[in-house]
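Let's take a walk through a protein model together. Have a look at the chain first, and then we'll go through some of its details.

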Amino acid sequence: MSQPTTIVLFRNDLRLADHPALWYAAQRGPVLPVYLRHAADSYGSAWRWWHGESLLKLQAALAQRGLPLLLRSGTAKAVLPEIVRASGADAVYWNRRYDRDGIAEDQELKSLFKELGVEARSFPGNLLVEPWEHLREGQPYRVFTPFWKAMLARHRFPQPLAEPESYRAPTAIPASEDLARWGWHPHHPDWSIGLARHWEVGEEAAWRRLRDFVDEGLAHYAEGRNLPGKPFVSRLSPYLAHGEISPRQIWWHLSRLAEEQGAWRRNVDAFLRELGWREFSWHLLYHFPDLPREPLRPEFQRFPWRQDPAALRAWTRARTGYPIIDAGMRELWESGWMHNRVRMIVASFLVKDLRIPWQEGEAWFWDTLVDADLANNSASWQWVAGCGADAAPYFRVFNPVLQAQKFDPQGDYVRRWLPQLQRLPADHIHAPWQAPAVVLEQAGIALGKEYPRPLVDHHEAREAALAAWEAIRREN
Ligand SMILES: Cc1cc2nc3c(=O)[nH]c(=O)nc-3n(C[C@H](O)[C@H](O)[C@H](O)COP(=O)(O)OP(=O)(O)OC[C@H]3O[C@@H](n4cnc5c(N)ncnc54)[C@H](O)[C@@H]3O)c2cc1C
């Protein structure tokens, strides 16, 4: 008698290797891979583009192995029972999610399938350690360094699973929807052409990226990871966000490298620590599910934020007059990604110099980042705004000019993304409004025409931000 089919739900884990749900399903018998699109999903546009491309890659990889990828729209509760019936499946497997809506939906599915007599199993696949397994005296960690030290000391991260060696296709395959009709690939205009120029999507591309990073960036990572003009960071974040590679795979790949060649150790440790920040963000989101909306420090509920649509627009459109900010916002717009150091600078400018609520910046990033990640995005915005766990204190206000001079000393990064400033010498590129008239003229720049004047005076804006912060601090 043939073994009944196991449905495997794919979500933010669009890979075949180290996919526990797929691996266990394939050991059991025929596998039916399914991807569900929620009608009411709140994903951003850049995320959708990447995810759609990634689903095409996954579909092709599965087809090579003789398996379909069934695409359907609707909530799991509404759609899955019918797929179970039509395919004759007797089990549904998935890798766990850690956000409130994802957890609620998966719990609901477990009860539903129990009633229907269908086995429902979930597996850990997207984090190094389950959030409920890493606590301090029963409470979640709120400070990163002890969190990470204890994680390294107490846990041995599981080895990644290989891709299943063989697959069996189900005998009954229900009809699939057509991805092209989901509208995830933009048309009229197709603004994704820029994204496609910057990225290769999919599981194979994720591994190429990791190997290229090992060849080109890793040896410089510890010192160089703050230099946006240099190719020293991994750019693995979108692959992690869509689950084309898992943190366990990266962890083990690099740890083995450091074991084989001790010289790698320092840079590997520095890199894995950043992967630790991803882990920390997800643990925070699990324990504080309101993280995307509510400040972790409640006194920030009373912060006198400003509503200033014109300033917000200048920030999103890369027209603040501060080159490092505008270069970052252009990089984001054109490539769907921004270097971490620059993310911190542009975020600080929005929440401190402009005093615009961090949720506005979070929403813009959510819509424009190809690596938009609910935990990393909200935890990082709260960190910059000073209202999160282990946050940079609000009174530490980044000076965009000094930051730029320190981390982009020759202005390479600014010139790459703001070609109109190409001919400004390094001495003036980060503060064109202070350049002598003759220098501006020689560089072909008329302030207010080719490039805007500063939207605010940083020193005045800093004073105003500190006064606002002092007000909520006094009330506390
Ligand atoms: C305001 C703001 C918003 C952000 N929004 C996101 C987001 O939506 N999605 C996202 O993945 N990251 C976000 N980050 C974190 C960080 O900027 C990116 O993860 C990083 O720039 C990705 O580049 P990389 O892969 O080259 O990083 P690398 O330096 O090569 O690091 C490797 C991996 O570690 C993780 N990582 C690195 N830095 C951080 C960090 N500070 N916090 C959490 N994880 C980190 C990422 O998964 C990254 O891919 C945000 C940071 C800020 C300041």
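Where is Glu137 found? Glu137 sits in the loop between β5 (119-123) and α5. Keep in mind that what you're looking at is a predicted model. So is Glu137 buried or exposed? Glu137 has 4 C-beta neighbours inside 10 Å, so it counts as exposed. Its backbone is worth a glance too: phi of Glu137 is near 50°, a positive value in a residue other than glycine.

**Another loop**

Next up is the loop between α5 and α6, where you'll find His188. Phi is positive here as well, near 45° for His188, and this residue isn't glycine either. His188 counts as exposed because there are 5 C-beta neighbours inside 10 Å. Now follow the chain from His188 to Pro189: the peptide bond linking them is cis, with omega near -5°. Pro189 belongs to the loop between α5 (144-154) and α6 (193-198).

**A buried loop residue**

How many C-beta neighbours does Leu369 have inside 10 Å? The number is 25, so Leu369 counts as buried; the cut-off for that is 20 or more. You'll find Leu369 in the loop between α15 (358-368) and α16. Which residues does Leu369 touch, leaving out those up to four places away in sequence? They are Gly44, Ala46, Leu332, Gly336 and Trp337. Take Gly44: along the chain, Gly44 and Leu369 are 325 residues apart, yet their C-alpha atoms are separated by 7.7 Å.

**Helices that cross**

| Helix pair | Axes come within | Crossing angle |
|---|---|---|
| α14 (residues 340-353) and α16 (residues 374-385) | 9 Å | roughly 60° |
| α3 (residues 76-87) and α4 (residues 100-116) | 10 Å | roughly 35° |

Let's start with α14 and α16. At roughly 60°, the two helices are therefore oblique to each other. Their crossing is right-handed. On the α14 side, the contact is made by Arg343, Met344, Ala347, Ser348 and Val351, while α16 brings in Ser380, Trp381, Val384 and Ala385. Sort the residues of this contact by class and you get six nonpolar, two polar and one charged.

Now for α3 and α4. The crossing of α3 past α4 is right-handed. From α3, the residues in contact are Ala76, Lys77, Leu80 and Pro81, and from α4 they are Glu105, Glu108, Leu109, Leu112 and Leu116. By class, that contact has six nonpolar and three charged residues, with no polar ones.

**Zooming out**

Time to step back and look at the whole chain. What does its secondary structure come to? The count is 21 helices and five strands. The radius of gyration is 24 Å, close to the 23 Å that the globule rule gives for 476 residues, so the chain is as compact as a globular protein of that length. Along the principal axes, the C-alpha atoms fill a box of roughly 85 × 50 × 50 Å.

How much of the chain is buried? Of the 476 residues, 42% count as buried, and Leu369 is one of the buried residues. Finally, consider contacts between residues at least 6 apart in sequence: 76% of these join residues at least 24 apart.

Conventions
Residues are numbered from 1 along each chain as its sequence is written. This is a predicted model: local features need pLDDT of at least 70, side-chain atom pairs count only at pLDDT 80 or more; totals for chains, interfaces and linings use all residues. Helices (H or I, at least four residues) and strands (E, at least two) are DSSP runs, numbered from the N terminus. The radius of gyration is taken over C-alpha atoms; the globule rule is 2.2 Å times the number of residues to the power 0.38. A residue is buried if 20 or more other C-beta atoms lie within 10 Å of its own, exposed if 12 or fewer, and partly exposed in between; C-beta atoms are placed from the backbone. Two residues are in contact if their C-beta atoms, placed from the backbone, lie within 7 Å. Axes are lines fitted to C-alpha atoms, for helices over the stretch in contact, and angles run from 0 to 180 degrees between N-to-C directions. Angles under 35 degrees count as roughly parallel, over 145 as roughly antiparallel, 65 to 115 as roughly perpendicular and the rest as oblique. A crossing is left-handed if the near helix is turned anticlockwise from the far one by less than a right angle, and right-handed if clockwise. Ala, Val, Leu, Ile, Met, Phe, Trp, Tyr, Cys and Pro count as nonpolar, Asp, Glu, Lys and Arg as charged, and the others, Gly among them, as polar.
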